[in-house]
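Morning, everyone. Please put the sequence and the structure side by side. I'll take you through them briskly.

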Amino acid sequence: MDPSSSLTFAIIGLVVGFIAGMGCYRLFSKSQRQAAAMRQKLLEREHQIAEMKSSVGSHLSGIYQRLGNIRDEANQLEQQLKEDAAEWNIRDAAIQPSLDFSGSHSAKTSPSTDQTSAPAIPRDYADGKGGTLSEDFGLKGSQAATPQPPRY
């Protein structure tokens with residue numbers, strides 16, 4: 001065989017092509033495997049998320065049921081408290097402010113709205129009326145007369 005013959009070039013070209021093909025296959029095959037692995041991970045994560053959503057949903061429905069039970073028990077306790085208050089003829093709104101005594105019959109009257117209103121703001125809270133912590137406390141002359149913007 002002559003080294004410059006076309007058969008030698010064909011064989012060398014075939015071997016180089018075969019090696020280049022194997023290298024390309026190896027590179028593309030590896031990326032395909034990585035893509036398949038990533039798809040598998042994605043499917044696993046989606047499955048985990050679906051399981052988590054279902055478990056959270058069941059957890060929330062359980063909490064909702066327990067909350068309903070607590071409300072029912074609170075209503076029963078309030079009804080029992082109303083009955084006991086009516087039985088003992090208790091109508092003191094300071095002790096029991098949330099009870100409705102419309103069903104009970106007693107000679108006492110409920111306190112007026114003046115007594116149950118919110119308490120006045122102490123002077124220390126500087127509500128603008130000259131409390132000890134107000135901005136103009138202790139100032140003299142024209143400094144106290146200049147209006148200041150409200151602070152929130």
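How many residues does α1 have, and what distance does α1 reach from its first C-alpha to its last? The model is predicted, so keep that in mind as we go. Helix α1 has 83 residues. From first C-alpha to last, α1 reaches 120 Å. At 1.5 Å a residue, 123 Å is expected, and the value is close to that.

Now the whole chain. The protein chain has two helices and zero strands. Of its 152 residues, 7% count as buried. In α1, the buried residues are T8, G62 and A85. Next, contacts. Take the pairs at least 6 apart in sequence: 0% of those contacts join residues at least 24 apart. The accessible surface of the chain is about 13,700 Å². Carbon and sulfur atoms account for 60% of that surface.

After α1 comes N89. The phi of N89 is positive, near 60 degrees.

Let's look at one surface feature. L7, I11, V15, F18, I19 and M22 form a nonpolar patch. Together they have about 610 Å² of accessible area. An α-helix has 3.6 residues a turn, so residues three or four places apart point the same way. Keep that in mind when you look at the numbering in the patch.

Last, confidence. The mean pLDDT of the chain is 76. Of its residues, 61% reach 70 or more. Over residues 104-111, pLDDT is below 50. Beyond near neighbours in sequence, that stretch has eight contacts in the model. Where pLDDT is low, the predicted coordinates should not be read in detail.

Note on methods. Residues are numbered from 1 along each chain as its sequence is written. This is a predicted model: local features need pLDDT of at least 70, side-chain atom pairs count only at pLDDT 80 or more; totals for chains, interfaces and linings use all residues. Side-chain values use heavy atoms; hydrogens and water are left out. Patches are made of residues with over 30% relative accessible area and no salt bridge: like charges are joined within 9 Å, nonpolar side chains (Val, Leu, Ile, Met, Phe, Trp, Tyr) within 5 Å. Accessible areas come from the Shrake-Rupley method with a 1.4 Å probe; for residues, only the protein chains shown count as cover. A salt bridge is a side-chain nitrogen of Lys or Arg within 4 Å of a carboxyl oxygen of Asp or Glu. Helices (H or I, at least four residues) and strands (E, at least two) are DSSP runs, numbered from the N terminus. Buried means under 20% relative accessible area, exposed over 50%, partly exposed in between (1.4 Å probe, protein chains only). Contact means heavy atoms within 4.5 Å. The expected span of a helix is 1.5 Å times one less than its number of residues. pLDDT is the predictor's confidence in each residue, from 0 to 100.
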